[in-house]
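Biologist: I'm new to this one. Could you walk me through it?

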Amino acid sequence: MRGIVRRSIKDSRSLARPYRDLVWLAYLTLSPAIGEERRLVLAHRLAAAELARRPGRDQIGLRKALLRVTLHKMIMPWSGRLARMEAVPALTRGSDVAFTERLNALRPAARAAYALLRLEGRPEEEVRKILAGARVANPAAALAAVTALEAEFGDGASAMFRPAADPTLARCYARPLNRRVRLGLPAAALVCLLAGLAVVPLLDDPGVAKAPRSPAVPRAVTAPPGAWRAGTDLDLATWEARGALAADRALIARALRAWGRTDGQVLYAGQIDGTTVVLIRQGEQVAHYTEAGGPGRLTTFPAPRTKPDGASPLKLTTTDKGSRYLLPPWVREVSAAPLTGQGPSWRKVAVDDGVTAPVKALAGRRCWQGPVLRLRAPEIAHGMPYTMLDFGRLSLANAYYQPPPPAEINRYGPSELDTVPGGFTAWKGLGCAIERPDGEIQSATAWEFWSGALPEGAHGRWICLRLTDATGGSSVRGVLFSTRAGRTTSTPTGTRANTWDCSRLRRDVAMGVWWRAPSGQGYYVAAGSRRVVQLTLDGRAVAGAYAVSRRRSPTLSAVNELGEQVEVLR
């Protein structure tokens, strides 16, 4: 036994730095939803396997290979109850728990970027190269997510905060299943602790979907029923397969071949309205495959981002009858409403095996009118309903609204669009004021930052619309609505991409635009959000958050109550 321990410690030290870095990279990239013990053990197994398989490989190549496994292979949740040992991190820091929770909420590619940037200290260009080599679709978005995370925790966050649990050293405890097991475990536990799991071999693991031996035989995996109850990371990896054809191997094989993949997680397979539909996930992508009496058609989409309670349904089909959606397995109630009228007219939607009845979207001549879905998951978090907008893609966007002053800022974030007065009409107006956005929109917030009187008796509502997508990108669009004598018009007031504008990281904003009054007279109007105390037009300072000029394009600046310059969106 002593010889084994000495060899284990020697092997661990000889691999020390490369091994530890690979363990961190694997651990952070693996989903917390698979369970802490499983995440820890697999991180060591995968790191050890890559070093053993490619002992002479360069460090960048090692990381690319490891990430191709942790980002793109199907790894199922596991309780660990039948294992003979329990493994837990030997070191946990309570001061970093909040930071760790936010880090775990990022997409896997962003967590990998964090490990490479902050734990290994690699330059951004090298991190970008590694992520691209690991088939990450948008490395820039992963890097941006790390920057945004650290901005939440203030200056110096990159040096002050680290993941709370250190996976490079683990403690192992016996699970005394029987007398023979109890007698044999202390020595094994000692090896596990001293060697930091460095010598644990990569054994065959039924929870990891490995590539098949023959690339000509695609292989699919499914999450077990109720897998979402086994962890706290409610991502697609925990969705059990639904549909009457989920076990049809020939159909799934055709879908995988059409995608050019050898494995994937089946989310749905079945017949809907005369069309065969298959949804398959691999890593950060979802493929939508259909057969309708001819050659199969396949479209790929970025996978929806992990959310603690407001997870999106996935659209299965759209016909003249409406759209059908595959619900997250924890959603129990669904209602739908079009973006019309002064408030939502909710209609309950029937659900069968996780698939909704058709939900029809009203078609206007120049407006998109939803539909809006209201979903409820009583077993998740607060269990309150949340609202989502269908922008015409695979997933839906969480829809929010922030009312103008004197309404208070909700410290928990913007409200659901149907819970605050003005939210539904704001979104109804946006449906006619802007074109339906492209891409997989994940979150859409209508922030009404100013409301008040405009020249010639008109009333104005100024909205900053913030959209975030599945790759971590964002855009903001300004829209000024003016109403007089019951007639409402909209004026675009600028746009900007990939900034913090109109988010909790940058809540101060000012906008200015040339606006034409009902009489035909033109005015340059400017307004700011609640903390703006002064606007300056062409050198003329005006107290407050609203100003008017007759010049077409005056210079505009704004100052908040702290004396800071405020970003101006034109």
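Predicted model: local features only at pLDDT ≥ 70, side-chain atom pairs only at ≥ 80, totals over all residues.

Biologist: Is helix 7 parallel or oblique to helix 8?

Modeller: The axes (lines fitted to C-alpha atoms over the stretch in contact, with angles from 0 to 180 degrees between N-to-C directions) of helix 7, residues 124-133, and helix 8, residues 139-152, cross at roughly 130° and come within 9 Å. Under 35 degrees is roughly parallel, over 145 roughly antiparallel, 65 to 115 roughly perpendicular, and the rest oblique. So helix 7 is, relative to helix 8, oblique.

Biologist: Which residues in helix 8 meet helix 7?

Modeller: Contact means heavy atoms within 4.5 Å. From helix 7 come E124, V127, R128, L131 and A132, and they meet, in helix 8, P139, A140, A142 and L143.

Biologist: Are the rings of F99 and Y114 stacked or tilted?

Modeller: Rings of Phe, Tyr and Trp (its six-membered ring) pair if their centres lie within 6.5 Å; planes under 30 degrees apart are stacked, over 60 edge-to-face, the rest tilted. For F99 and Y114 the centres are 5.8 Å apart and the planes at 55°, so the pair is tilted.

Biologist: Is Y114 buried or exposed?

Modeller: Buried means under 20% relative accessible area, exposed over 50%, partly exposed in between (1.4 Å probe, protein chains only). Y114 has a relative accessible area of 0%, so Y114 is buried.

Conventions
Residues numbered from 1 in each chain as written. Heavy atoms only, no water. Helix = DSSP H or I, 4+ residues; strand = E, 2+ residues; numbered from the N terminus.
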